[in-house]
Amino acid sequence: MVQPTPAQRMEHVIRTYIQACNDADAEAIAASFCPDAVHYFPSRLKWSGAATIGSHFARRVRERGICWTVDQLITDVDRCAATLEWTEFIRQPAQIVLRGVDWFIFEPQTLCIQEVRSYTATPIHLDMARQELLDFDYAGRGYPTTFPAEQTRGES
């Protein structure tokens, strides 16, 4: 029997995780993650630990009638990373369709999920100076954290 490639294994983990979320199966959700995994959300929220991630998702799915689809999936084996574009359907307290992208980082040996960074298609809040993931180390990971130098338009 042919063994799955690392890309196929990462895709399988993501699809299994999404199905476990849709099933509100806290244990199966947690099994997709490293024990000390972190899930970041754009709403200044983060969940730490596989069991916490599993229990929180399972509870929200049951309470709100949520389910997700896997719309697009891209894997990068060299970086042990993947990107998932998804659609979320929320039934309670009102019917909402939400679209977004998750950025996954995998533990290289086990290919369990170490980190998820979720980004949603939401309006910009002009009253918030910084709209970032809570406690995510942007500077430490090489992301820009200050405005670029002013450029004069029309200069040659």
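Residues are numbered from 1 along each chain as its sequence is written, and side-chain values use heavy atoms, with hydrogens and water left out. Because the model is predicted, local features need pLDDT of at least 70 and side-chain atom pairs count only at pLDDT 80 or more, while totals for chains, interfaces and linings use all residues.

**Overall fold**

The protein chain has 3 helices and 6 strands. Helices (H or I, at least four residues) and strands (E, at least two) are DSSP runs, numbered from the N terminus. From that end, the elements follow the order α-α-β-β-α-β-β-β-β. Along the principal axes, the C-alpha atoms fill a box of roughly 60 × 45 × 25 Å. Of the 156 residues, 33% count as buried, where buried means under 20% relative accessible area, exposed over 50% and partly exposed in between (1.4 Å probe, protein chains only).

**The sheet and its helices**

The 6 strands form an open sheet with mixed pairing, in the order β2-β1-β6-β5-β4-β3. Two strands pair if DSSP finds at least two bridges between them. At the edges stand β2 (45–48) and β3 (67–76); each has a single partner strand, so one side of each is left without a neighbour in the sheet. Neighbouring strands are turned by 15 degrees against each other on average, direction ignored. Axes are lines fitted to C-alpha atoms, for helices over the stretch in contact, and angles run from 0 to 180 degrees between N-to-C directions.

β1 and β2 pair in the antiparallel sense over 4 bridges, and tyrosine 40 stands opposite lysine 46 in β2. β3 and β4 also run antiparallel, joined by 9 bridges, with valine 70 opposite tryptophan 86 in β4. These two strands, β3 and β4, form a hairpin with 4 residues between them, and cysteine 80 in the turn has a positive phi of about 50 degrees.

Helix α1 lies across β1, β3, β4 (81–90), β5 (96–106) and β6 (113–120), at about 165 degrees to β3. Helix α3 (residues 50–64) lies across β1, β2, β3 and β4, at about 50 degrees to β1. Contact means heavy atoms within 4.5 Å.

**Aromatic pairs**

The whole structure holds 12 aromatic pairs. Rings of Phe, Tyr and Trp (its six-membered ring) pair if their centres lie within 6.5 Å; planes under 30 degrees apart count as stacked, over 60 as edge-to-face and the rest as tilted. Two of the pairs are tabulated.

| Pair | Centre to centre | Angle between planes | Type |
|---|---|---|---|
| Tyrosine 17 and phenylalanine 33 | 5.2 Å | 90 degrees | edge-to-face |
| Tyrosine 138 and tyrosine 143 | 5.5 Å | 85 degrees | edge-to-face |

Tyrosine 17 lies in helix α1 (residues 6–22) and phenylalanine 33 in strand β1 (residues 33–41), so this pair ties together parts that are 16 residues apart in sequence. Both tyrosine 17 and phenylalanine 33 are buried. Tyrosine 138 is buried at 13% relative accessible area, whereas tyrosine 143 is partly exposed at 33%. One aromatic cluster is formed by Tyr17, Phe33, Phe41, Trp47, Phe57, Trp68, Phe104 and Phe106.

**The largest pocket**

The largest pocket has a volume of about 780 Å³. A pocket is an open set of points on a 1 Å grid over the protein atoms alone, where a 1.4 Å probe fits, with protein on both sides within 12 Å along at least five of seven lines; lining residues have an atom within 4 Å of a point. Grid points are joined across faces, edges and corners, and the volume is the space filled by probe spheres set on the points. Of the 34 lining residues, Phe41, Pro42, Ser43, Ser118 and Thr120 are the closest to the pocket centre. The elements α1, β1, β2, α3, β4, β5 and β6 each give two or more residues to the lining.
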